[in-house]
Amino acid sequence: MGLGVAFRKEFDDAVLLSQRHRLTDPTKADVADEDREAFIADAERFSEVTDRISDLSWTEDDYKWLAQRNRSEMARRPGGQKEVEKFLGAPLLMDTRKQRVKRHGEEKESLDGADLKNLEELMRLARRTGVPVVRLQSYHPKRETEAQMKAELLEDDDFGLASELCLCEGARVLLTRNLWVQAGLVNGAQGVVKGFVWPARGDPNSDVSSERAPICVIVEFEDVQLEGKRFFSEESGLSERCVPIFHFEAQAESDKNVKRQQFPLTLAWALTHWKSQGMTLKRVRISLTQMTAKQVGVGFVTVTRVGHPWQLMFETDL
């Protein structure tokens with residue numbers, strides 16, 4: 001019995017490779033004519049290298065080629081500093097190491113490294129701009145016979161939605177669900193919170209649960225194709241790239257009868273490697289420690305969040 005439990009726990013941090021790598025189409029890429037030949041060559045090599053990473057057959061030459069995307073090496077090349085600067089706003093993919101923090105008074109809670117970094121960046125932004133931070137709790141519809149069920153204690157990964165989401169105007173976020181694929185509102189789409197639409201008498205501290213959360217979060221996305229349509233009028237002062245994001249309902253993987261309602265968003269300054277799985281990102285910064293790099297599958301998931309090697313940078317040397 002004890003050996004069986006120990007064996008099961010070995011899979012707690014397993015990475016599931018559920019989707020193939022989406023490569024950038026060189027014919028559709030916005031690349032200068034003089035760089036197109038090199039762009040195509042690197043795209044082909046990237047496909048070959050990531051295939052070998054996926055089946056653990058990659059070589060030392062593959063490693064050396066990929067290590068050219070180390071920030072330290074990129075910065076040394078002619079014009080490299082400008083290339084590095086393109087990644088300053090890109091999400092940082094980092095390890096999952098848990099850290100103890102104080103929240104809600106003296107209550108102590110464990111946050112992984114990415115969540116802690118996001119919280120620090122959020123509070124820094126709020127102090128700098130003078131805007132309030134709202135803490136949005138998730139909802140768990142329950143039957144009368146399940147009134148005592150504590151669904152909020154289930155792991156966020158069980159739903160793919162956060163139990164608690166902290167946001168403020170100006171916060172950088174990622175969409176975590178495919179809402180409108182044709183328009184670019186897909187898992188991994190990046191944007192900035194521009195505001196909230198609250199119900200009448202809306203108040204985060206209200207005793208009425210329906211009044212404690214906004215009706216929607218207004219997000220201005222970097223890449224969205226609405227074909228001339230707008231969600232908000234020009235008089236609102238919001239751009240045509242602003243989209244209202246409403247609550248999304250998801251079932252728990254461990255119990256299909258348990259559901260969670262939450263905005264399908266996550267703060268985007270940092271992500272753990274495994275939380276980025278399934279996302280296609282415009283650019284990423286990667287920090288892989290030696291311990292994490294040894295975990296089968298993590299390296300593949302991390303480097304294939306982008307469709308071309310020019311879209312990734314190793315913040316710490318590979």
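**Glu240 is partly exposed, with a relative accessible area of 43%.** Partly exposed lies between buried, under 20% relative accessible area, and exposed, over 50%, judged with a 1.4 Å probe and protein chains only. The model is predicted: local features need pLDDT of at least 70 and side-chain atom pairs count only at pLDDT 80 or more, while totals for chains, interfaces and linings use all residues. Residues are numbered from 1 along each chain as its sequence is written, and side-chain values use heavy atoms, without hydrogens and water. The side chain of Glu240 meets that of Arg230 in a salt bridge, 3.8 Å from N to O. Both residues belong to the loop between β8 and β9, 10 residues apart. Arg230 is also partly exposed, at 33% relative accessibility. A salt bridge here is a side-chain nitrogen of Lys or Arg within 4 Å of a carboxyl oxygen of Asp or Glu.

**Glu315 forms salt bridges with Arg71 and Arg285.** The closest N and O atoms are 2.5 Å apart for Arg71 and Glu315. Arg71 lies in helix α4 (residues 71-76) and Glu315 in the segment after β15 (312-314), so this pair ties together parts 244 residues apart in sequence. For Glu315 and Arg285, the closest N and O atoms are 3.5 Å apart. Arg285 sits in strand β14 (residues 284-286), 30 residues from Glu315 in the chain. Arg285 is buried, with a relative accessible area of 13%, whereas Arg71 is partly exposed at 28% and Glu315 is partly exposed at 25%. Helices (H or I, at least four residues) and strands (E, at least two) are DSSP runs, numbered from the N terminus. The whole structure has 16 salt bridges, and elsewhere Arg45, Arg52 and Asp62 are linked in a network of them.

**Five strands form an open antiparallel sheet in the order β9-β8-β7-β6-β12.** The edges are β9 and β12 (265-267); each has a single partner strand, so one side of each is left without a neighbour in the sheet. Neighbouring strands are turned by 45° against each other on average, direction ignored; the angles are taken between lines fitted to C-alpha atoms. Two strands count as paired if DSSP finds at least two bridges between them. Six bridges join β7 and β8, four join β8 and β9, and three join β6 and β7. Val193 has Val219 of β8 as its bridge partner, Glu220 has Cys242 of β9, and Leu174 has Gln190 of β7.

**Strand β8 (residues 216-221) is mostly covered, with six of its six residues buried.** Cys216, Ile218 and Glu220 point one way from the strand. Val217, Val219 and Phe221 point the other way.

**Leu179, Trp180 and Phe231 form a nonpolar patch on the surface.** Together they have about 270 Å² of accessible area, computed by the Shrake-Rupley method. Such patches join nonpolar side chains (Val, Leu, Ile, Met, Phe, Trp, Tyr) within 5 Å, or like charges within 9 Å, from residues with over 30% relative accessible area and no salt bridge. Leu179 lies in the loop between β6 (172-175) and β7 (190-197) and is partly exposed at 38% relative accessibility.

**Helix α6 (residues 113-129) has 17 residues.** At 1.5 Å a residue the helix should span 24 Å, which agrees with the 24 Å between its end C-alpha atoms. The expected span is 1.5 Å times one less than the number of residues. Its buried residues include Leu116, Leu119, Leu122 and Leu125. Just after α6, Gly130 takes a positive phi of about 75°.

Conventions:
Areas by Shrake-Rupley, 256 points an atom, 1.4 Å probe, with all protein chains shown as cover. Axes fitted to C-alpha atoms, helices over the stretch in contact; angles between N-to-C directions.
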